[in-house]
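Colleague: I would like to go through this model with you. May I put some questions about its helices and its metal site?
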Amino acid sequence: MSTITEAPDAALLAAVRTAPKAELHLHLEGTLEPEMAFALAQRHGVALRWPDAQALRAAYAFDDLQAFLDLYYAGCDVLRSADDFFELAWAYCRRAAADGVVRAEVFIDPQSHTARGVDFAVFMPALARAAQRARDELDLSVDYIVCALRHLSEDDALAMLEASRPWAEHYIGVGLDSSERGHPPGKFTRLFARAGELGLRRVAHAGEEGPAAYVAEALDALGVERIDHGVRALDDAAVLERLARERVPLTVCPLSNVRLRVYPDMAAHRLPELLRAGIVATVHSDDPAYFGGYVNDNYTALFEAHPQLGADDAYRLLRNGLQASFAPTAQVERWIARLDAHWRRCGYALPA
Ligand code: HPA
Ligand code: ZN
């Protein structure tokens, strides 16, 4: 007779995977799966450098952020028509809903499209249509955040923001992404001041490859409400203590951090230390097509590599994500009530 022994955390992982959750750090262009890249390339008669999707996927071995970004921007070239953007966003929404995502705040990189002559008028209505369909058919709430590419000038970013204004109803905030080293948050002070005047929510990538000082600078110079990544704050006790005291959420992306060599492997990821330090950490997927997994894969990889993380930690991460979202408070409270009911149904107590 054989007995099947489950891994000790299998029940907890199942509870996490089926829990309602928020995806707050997700680049739409980073959801372009190789198969879709090839289909779109064929649609537009574009030649890709790789013979097939399998070869392209095999090229996803990165030494650092820049190595990834070079491929990521190259991938954007197949996104040309409104249908392309709709299909990309809708595919992501369906994939997210399958992971229990009830709220997605999706980054887009307009400059990676407008620089190729693909205007807001092409992609913004298409993305809005996908978001509407997600609300109607998947019970998934989606909003967009337009990001400025920090390797370009602030004037370029300001021009992007002004060009986006006719589609203001289709996005809720401004973010900052791309190559972090050598492009400190302070380079974009005027952009974020303008975003503030426009009543937009503000977030920025900081402390991914860049130093902890960039995390503090994003708070002080840009007035951001959340930090994307932010894990390098662990290098500076004062910055860490401030994040905990001010309850600034960090949107952490475990698989991304390992793939881009912020950490050598998942066991070395320092998210458990963030939780111990009282940081409002959340778990997300960044660029799932490139980094080997969507949000549930991130939770799974993290918990498998850190057996000391328990049910209370899982609940805390899930709740932090919902709480840190920019959805209306009443809606957030309904999602948290759903999470709480789910958690109890799975046999876990709510942490005090
Ligand atoms: N970091 C910075 N810029 C990005 C990323 C990231 O992980 N993904 C897409 N643009
Ligand atoms: Zn990111």
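Colleague: Is the crossing of α16 and α17 left-handed or right-handed?
Modeller: In this predicted model, α16 and α17 cross in a right-handed manner.

Colleague: At what angle do the axes of these two helices cross?
Modeller: The axes of α16 (residues 311-323) and α17 (residues 329-345) cross at roughly 160 degrees and come within 9 Å. Helix α16 is therefore roughly antiparallel to α17, since an angle over 145 degrees counts as such.

Colleague: Which residues of α16 and α17 meet?
Modeller: From α16 there are Ala 311, Ala 314, Tyr 315, Leu 318, Arg 319, Leu 322 and Gln 323. Their partners in α17 are Val 332, Trp 335, Ile 336, Leu 339, Asp 340 and Trp 343. By class, this contact of α16 with α17 comprises ten nonpolar residues, one polar and two charged.

Colleague: Turning to the metal, which protein donors does the zinc ion (ligand 2) have?
Modeller: The zinc ion (ligand 2) has His 25 (NE2), His 27 (NE2), His 205 (NE2) and Asp 286 (OD) as protein donors, at 2.0 to 2.2 Å.

Colleague: How are those donor residues spaced in sequence?
Modeller: The spacing for the zinc ion (ligand 2) is H-x1-H-x177-H-x80-D. His 205 lies in strand β5 (residues 201-206), whereas Asp 286 is in the loop between β8 (281-283) and α14 (288-291). These two residues are 81 residues apart, and the pair links distant parts of the chain.

Colleague: And why is the site of the zinc ion (ligand 2) irregular?
Modeller: The angles among its four donor atoms run from 80 to 173 degrees. Four donors count as tetrahedral only if all angles lie between 85 and 135 degrees, so that class is excluded. The site of the zinc ion (ligand 2) is classed as irregular.

Colleague: Back to helices. How do α8 and α9 pack?
Modeller: Helix α8 (residues 154-164) packs on helix α9 (residues 189-197) at an angle of about 20 degrees, with the axes 8 Å apart. The two helices are therefore roughly parallel to each other. Helix α8 passes α9 in a right-handed crossing, and the residues of their contact divide into five nonpolar, one polar and five charged.

Colleague: What about the angle between α10 and α11?
Modeller: The axes of α10 (residues 212-222) and α11 (residues 237-245) cross at roughly 40 degrees and come within 9 Å, which makes α10 oblique to α11. Their crossing is left-handed. Helix α10 contributes Ala 212, Val 215, Ala 216, Leu 219 and Asp 220 to the contact, and α11 contributes Val 239, Arg 242 and Leu 243.

Key. Residues numbered from 1 in each chain as written. Chains lettered and ligands numbered in written order. Predicted model: local features only at pLDDT ≥ 70, side-chain atom pairs only at ≥ 80, totals over all residues. Heavy atoms only, no water. Axes fitted to C-alpha atoms, helices over the stretch in contact; angles between N-to-C directions. Helix = DSSP H or I, 4+ residues; strand = E, 2+ residues; numbered from the N terminus. Parallel < 35°, antiparallel > 145°, perpendicular 65-115°, else oblique. Left-handed = near helix turned anticlockwise from the far one by under 90°. Nonpolar A, V, L, I, M, F, W, Y, C, P; charged D, E, K, R; others polar. Donors = N, O, S within 2.8 Å, 3.2 Å for Na, K, Ca; no water. Tetrahedral: all angles 85-135°; square planar, octahedral: opposite > 155°, others 65-115°. Contact = heavy atoms within 4.5 Å.
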